[in-house]
Amino acid sequence: MTLTLADIFKAQKTIAGTATDTPLVPSPFMSEFCGQEFLLKLENMQPIGAFKLRGAMNAIANLPEGTAGVACCSTGNHGRGVAYAARARGLKAVVCMSSLVPRAKVDGIRALGADVRITGTSQTDALAESRRLQAAEGLAVISPFDDPFVIAGQGTIGLEVLAARPDLDTILVPLSGGGLAGGIALAAKTIKPEIRVIGISMDRGAAMHESLAAGHPVEVTEVASLADSLGGGIGMDNEYSFALCRDHLDDTVLVTEEDIYAAMQALYYEDRIVAEGGSVVGIAALLSGKLDKPKGPTATIVTGRNLDMGLFTAIMTGEDVQLGDRKVRGRRHGS
């Protein structure tokens with residue numbers, strides 16, 4: 001299957017009314033900082049608290065009749081989307097996750113009725129378990145990023161953003177396995193070829209960034225991160241998302257844990273928005289100076305809000321945060 005803009009428009013019709021039309025709002029703070037209008041696409045306002053509902057709903061809607069159930073690997077939000085969409089269809093859902101996934105995300109998935117399997121210490125381990133379930137129990141595996149229906153679902157964000165603001169110069173997209181970035185870039189670049197689409201990730205375990213630099217999928221070591229939703233590999237047998245990101249992204253940028261910490265604070269204190277670390281990497285890239293200030297109206301995707309609120313409180317009050325063997329030193333916002 002070769003993905004086209006028509007597939008994204010079809011996905012938009014499929015998921016209409018449940019996972020579409022999230023707010024696109026200005027950020028006065030970031031607009032002043034950039035010297036250009038800066039907009040936030042609030043995917044944290046989805047029913048599951050994250051954009052992943054779009055792709056999961058589209059993929060499950062396109063399953064063959066008689067499918068017994070679904071399985072997936074997830075760092076949290078994809079599993080939540082699959083659980084939500086599967087429950088709506090009356091399907092069994094098994095979500096495979098590594099031990100790095102925060103407890104808050106695991107609990108959220110279980111609350112939606114899915115069976116959660118914790119296995120190994122990486123997304124690769126979780127993927128292997130989902131494929132084992134596919135072979136053993138006949139469950140349909142829904143990739144978090146390398147599935148054409150998932151990518152088309154995520155690409156509907158690009159349709160909405162450009163429909164609302166056709167004058168946009170740049171879109172900043174959190175980059176993980178590439179389903180979100182690839183889908184948005186395909187939609188945006190097809191509609192407006194001159195628009196810039198930039199993928200942003202954390203500087204440790206950035207699988208797509210490293211793969212694009214190498215020219216082919218590569219394995220990375222996963223580590224704990226404030227941007228945990230951006231963790232995991234892209235799959236050595238990647239069929240869709242790598243090529244889409246290679247062909248349509250203008251650039252990729254990496255930010256540090258300290259940059260993410262500061263951006264989470266800025267989004268909360270300046271715009272009163274609760275967001276995961278993975279949601280704020282576009283803001284982090286600008287505030288840290290790792291990305292030049294834009295030359296025209298710019299939007300970023302606030303991808304989700306499903307984080308441990310104890311961790312969030314610690315960051316907002318300027319406390320140190322321990323991430324595995326790495327300590328992120330606390331700081332007060334504005335200091």
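**Exercise 1.** Work out which parts of the chain are tied together by the salt bridge between aspartate 250 and lysine 189.

*Solution.* In this predicted model, local features need pLDDT of at least 70, side-chain atom pairs count only at pLDDT 80 or more, and totals for chains, interfaces and linings use all residues. Residues are numbered from 1 along each chain as its sequence is written, and side-chain values use heavy atoms, with hydrogens and water left out.

Begin with the distance: the closest N and O atoms of aspartate 250 and lysine 189 are 2.7 Å apart, and a salt bridge requires a side-chain nitrogen of Lys or Arg within 4 Å of a carboxyl oxygen of Asp or Glu. (Helices are DSSP runs of H or I with at least four residues, strands are runs of E with at least two, and both are numbered from the N terminus.)

**Exercise 2.** Decide whether aspartate 250 and lysine 189 are buried or partly exposed.

*Solution.* Buried means under 20% relative accessible area, exposed over 50%, and partly exposed in between (1.4 Å probe, protein chains only). Aspartate 250, with 41%, is therefore partly exposed, whereas lysine 189, at 15%, counts as buried.

**Exercise 3.** Describe the salt bridge between arginine 54 and glutamate 43.

*Solution.* The closest N and O atoms of this pair are 2.8 Å apart. Arginine 54 is in helix α3 (residues 52-61), and glutamate 43 is in the loop between β2 (38-42) and α3. Arginine 54 is buried at 0% relative accessibility, and glutamate 43 is buried with a relative accessible area of 0%.
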